[in-house]
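Subject: Structure for you to look at

Hello,

Here is the structure I promised to pass on. Please open it first, then read my notes below with it on screen.

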Amino acid sequence: MDMKKRITLELRSRSPAEIVELVVDNSRSADGEVEGLTDEFTELEFLSMVNVGLSSLAKLPSLPKLRKLELSDNNLSGSLETLSEKCPNLTYLNLSGNKIKELSNVEALQNLKSLQSLDLFNCEITSLEDYRESVFELLPQVTYLDGFDQEDNEAPDSEAEDEDEDGEDGAGPTGDYDDEDDEEEDEDGSERGEVGLGFQVNRGNQEDDEDEEDYGEEEEEEGEYDQAGIQGQKRKRDVDDEDEEDEDD
C-alpha cells in the first residue's frame with residue numbers, strides 16, 4: 001500500500017489536526033519522498049515511517065510539535081538538515097539501518113537543540129574509528145547514542161518506567177488495605193473475646209442464681225417436711241392424752 005493511501009486510512013474520518021501519533025510502517029513511497037503528510041498535522045508528536053523506501057526528507061512538512069521520529073530501515077544518506085527546519089523540537093531520532101556513512105552526514109543535526117537520543121544502528125558510520133566519541137563531540141546535546149550514554153549507561157525505557165510507576169501506585173493501597181484488614185481482624189478478635197468473656201461471666205452468674213434457687217427450694221421443702229413432722233408428733237400426743245383420759249374414766 002502506498003504511503004498516501006495508508007495515511008488516509010489511518011485518519012479514520014478524523015481531521016489531520018486531531019492526530020497525535022501516526023504510524024505508516026511498511027507502506028511504500030514510489031519516488032522515495034514523503035507523501036500524504038501536510039502542514040495540517042499541527043498536533044503530531046510521534047511519527048513512524050519505518051521501511052517505507054525513503055531516500056529524501058525534502059518534502060517533509062512542518063511539524064512543530066513532533067518529538068519522536070522513527071526513520072529506520074530506509075535509504076537516507078543526507079538531507080537531514082530538513083529536520084531542524086521542519087521538526088525543531090525533536091528529542092528522539094531513529095536513523096538505524098540507513099545509508100549514513102560519514103560524520104558529515106549527521107553534522108546537520110547540530111541545530112536540533114532538543115535532541116537527546118539518536119540511533120544509528122546498522123549504519124556504516126558505526127564502523128568508523130572512535131565513532132561514539134566523535135558523535136558525542138559533534139552533537140553535545142545528545143545524551144544517548146544507540147541506546148547508551150557516554151559512560152555506557154543504558155537509556156531508560158519510558159514504557160517500562162510507566163509500568164513501574166503503575167505497579168508502585170497500585171502496591172501502596174494494597175499494603176494499606178492489608179494493614180487495615182489486620183487491624184479490623186484484631187478489633188473483631190478483641191470484640192469476640194470480650195463477648196465470649198462476658199458470656200462466660202453471665203453464664204456463671206446465671207448458674208450461681210440457679211444454684212441459689214435450687215438451694216432455696218430444698219430449704220423450703222425441708223422446712224415443710226420438718227413442720228409436717230412437728231404437727232404429726234403433736235397430733236400423736238393429743239391422741240395419747242385422750243386415750244389416757246378414757247382409761248381413767
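The protein chain has five helices and six strands. Please keep in mind that this is a predicted model. Along the sequence, the elements follow the pattern α-β-β-β-α-β-α-β-α-β-α. The chain has 249 residues, and 27% of them count as buried. Its accessible surface is about 16400 Å². Carbon and sulfur atoms account for 42% of that surface. Take the contacts with a separation of 6 or more: 49% of them are between residues 24 or more positions apart.

**The sheet**

The six strands form an open sheet. The order is β1-β2-β3-β4-β5-β6, and the pairing is parallel. β1 and β6 stand at the edges with a single partner strand each, so one side of each has no neighbour in the sheet.

β1 covers residues 21–23, and β2 covers residues 46–48. Three bridges join these two parallel strands. Within the pair, L22 stands opposite L47 of β2.

V23 also belongs to β1. Beyond residues up to four places away in sequence, V23 touches R6, E10, F46 and S48. Look also at V23 and E70. They are 47 residues apart in sequence, yet their C-alpha atoms are 9.1 Å apart.

**A buried serine**

Next, go to S56, in the loop between β2 and β3 (68–70). S56 counts as buried because its relative accessibility is 13%. What does the S56 side chain make a polar contact with? The partner is the side chain of E33, at 3.4 Å. A polar atom of the S56 side chain also lies 3.1 Å from the backbone nitrogen of A58. Neighbours within four places aside, S56 is in contact with G32, E33, V34, L76 and S79.

**Helix α4**

α4 runs over residues 131–138. Its buried residues are Y131, V135, F136 and L138. These four sit on the same side of α4, because they cover an arc of only 165° around the axis. On the other side, E133 and E137 are exposed. What do the buried residues of α4 pack against? They pack against α3 (103–106), β5 (117–119) and β6 (144–145).

**The nonpolar core**

In soluble globular proteins, nonpolar side chains tend to be buried together. Here, the largest nonpolar core holds 43 residues. Which of its residues touch the most other members? They are M49, L83, L93, L95, L109 and L118. α1 (3–11) and α4 each supply at least two residues of this core. The largest share comes from α4, with four residues.

Leaving out neighbours within four places in sequence, L118 is in contact with L93, L95, L109, V135, L139, V142, Y144, L145 and D146. That list includes V135, one of the buried residues of α4.

Best wishes

Note on methods
Residues numbered from 1 in each chain as written. Predicted model: local features only at pLDDT ≥ 70, side-chain atom pairs only at ≥ 80, totals over all residues. Heavy atoms only, no water. Buried < 20%, exposed > 50% of the residue type's maximum accessible area, 1.4 Å probe, protein only. Arc of directions from axis to C-beta. Contact = heavy atoms within 4.5 Å. Areas by Shrake-Rupley, 256 points an atom, 1.4 Å probe, with all protein chains shown as cover. Pairing = 2+ DSSP bridges. Polar contact = N/O pair within 3.5 Å; in protein donor to acceptor, adjacent residues only side chain to side chain. Core = buried A, V, L, I, M, F, W, Y, C linked by side-chain atoms within 4.5 Å.
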